Amino acid sequence: MTSLISTWVVRFKKIIKSHAGSYLLQDPRQAQKVAKAVVDHSKKPVTVKIRTGWDHQHKNAVEVAKVLEEAGVSAITIHGRTKSQMYSGTVDLEMIKQVKQAVSIPVIGNGDIKTVEDGKRMLEETGVDAIMIGRGLLGRPYFMSEMVAFLNGEEFIEPSFLKRIHLLEEYAIHLSARMGEKNGIQMMRGMASWYVTGMPNCSQIKKALSSIHTLKDLQQILKDYKKSLASDLL
């Protein structure tokens with residue numbers, strides 16, 4: 001089901017200065033008003049993503065979750081850090097658990113899910129209804145399938161280097177088609193290195209990929225790289 005997702009935790013300064021985004025964590029009642037206005041004017045389910053609070057001294061995710069539920073949102077995703085933490089430190093699983101216990105709508109846990117064990121721990125220790133994976137998917141679009149297989153007790157075969165290279169090229173082609181080659185390849189400069197992490201001579205290939213200008217540049221680099229790899233590694 002397609003959902004209209006409202007995210008309070010956007011950290012851009014201009015948004016916070018306008019008393020929007022993660023600023024609303026400091027004003028739960030205003031967050032409730034905004035959420036209700038969206039719910040009242042949407043024909044689709046509305047979900048909201050929050051953090052545990054503004055900072056360590058003001059962890060009010062439970063209060064925020066309750067007023068959002070009252071506003072009629074269909075589900076809440078909570079990232080287990082405060083706005084001030086950004087991505088430093090570790091996620092607060094206890095706070096996520098408290099949010100889950102405080103509301104009756106589905107709660108989705110998010111933050112630091114980089115391995116299948118991380119996902120299992122999030123589910124078991126917080127009792128959330130589902131998990132959201134963010135940075136853990138960078139360069140590993142297959143991680144979601146790995147997670148599902150793990151939770152279902154099924155075998156998962158790690159993609160070969162050749163498959164990972166293919167996924168990288170496929171993603172670059174998709175971005176170029178969707179955003180235009182110039183913008184797509186510009187984005188790939190920062191994304192491509194994630195796909196080759198852990199591969200032989202990955203530092204050299206990362207450096208080459210960071211300076212690409214066209215889709216052909218990327219494809220030629222990957223073609224040469226595949227030739228340099230021993231056949232048993234592909």
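This is a predicted model: local features need pLDDT of at least 70, side-chain atom pairs count only at pLDDT 80 or more; totals for chains, interfaces and linings use all residues.
By type, the lining of the second largest pocket consists of 5 charged, 3 nonpolar and 2 polar residues. Rolling a probe the size of a water molecule over the atoms is what shows where empty space is left.

The structure contains 2 aromatic pairs. In the pair formed by Tyr142 and Phe156, the ring centres are 6.4 Å apart and the planes meet at 20°, so the pair counts as stacked. The cut-off for that label is an angle under 30 degrees between the planes. The two residues of the pair are 14 residues apart, and the pair links distant parts of the chain. Tyr142 belongs to the loop between strand S5 (130-132) and helix H6 (143-151), while Phe156 belongs to the loop between H6 and helix H7 (161-179). Are the two partners buried or exposed? Tyr142 counts as buried because its relative accessibility is 8%, and buried means under 20%. Phe156, with a relative accessible area of 27%, is partly exposed.

Aromatic rings also take part in contacts with charged side chains. Lys83 lies over the face of Trp54, 4.7 Å from the ring centre. Arg51 is placed over the face of Tyr87, and here the distance to the ring centre is 5.2 Å.

Met86 is not a glycine, yet its phi is positive, near 55°. Met86 sits in the loop between strand S3 (75-79) and helix H4 (93-102), and is partly exposed with a relative accessible area of 37%. Asp112, again a residue that is not a glycine, has a positive phi of about 60°. Asp112 is found in the loop between strand S4 (107-110) and helix H5 (116-126). Its relative accessible area is 22%, so Asp112 is partly exposed.

The remaining residues show how separate stretches of the chain are placed in space. Ala71 is part of helix H3 (residues 61-71). With a relative accessibility of 6%, Ala71 counts as buried. Which distance separates Ala71 from Ala35 in space? From C-alpha to C-alpha it is 6.1 Å, although the two are 36 residues apart in sequence.

Towards the end of the chain, helix H10 (residues 215-228) holds Gln219. Gln219 is partly exposed, at a relative accessible area of 26%. Ile165 is 54 residues away from Gln219 in sequence, and the C-alpha atoms of these two are 9.9 Å apart. The segment after H10 includes Leu229, which is buried with a relative accessible area of 8%. Leu229 and Pro200 are 29 residues apart along the chain, with 7.7 Å between their C-alpha atoms.

Terms used
Residues are numbered from 1 along each chain as its sequence is written. Side-chain values use heavy atoms; hydrogens and water are left out. Ala, Val, Leu, Ile, Met, Phe, Trp, Tyr, Cys and Pro count as nonpolar, Asp, Glu, Lys and Arg as charged, and the others, Gly among them, as polar. Rings of Phe, Tyr and Trp (its six-membered ring) pair if their centres lie within 6.5 Å; planes under 30 degrees apart count as stacked, over 60 as edge-to-face and the rest as tilted. Helices (H or I, at least four residues) and strands (E, at least two) are DSSP runs, numbered from the N terminus. Buried means under 20% relative accessible area, exposed over 50%, partly exposed in between (1.4 Å probe, protein chains only). A charge sits over a ring if NZ of Lys or CZ of Arg is within 6 Å of the ring centre and within 35 degrees of the ring normal.
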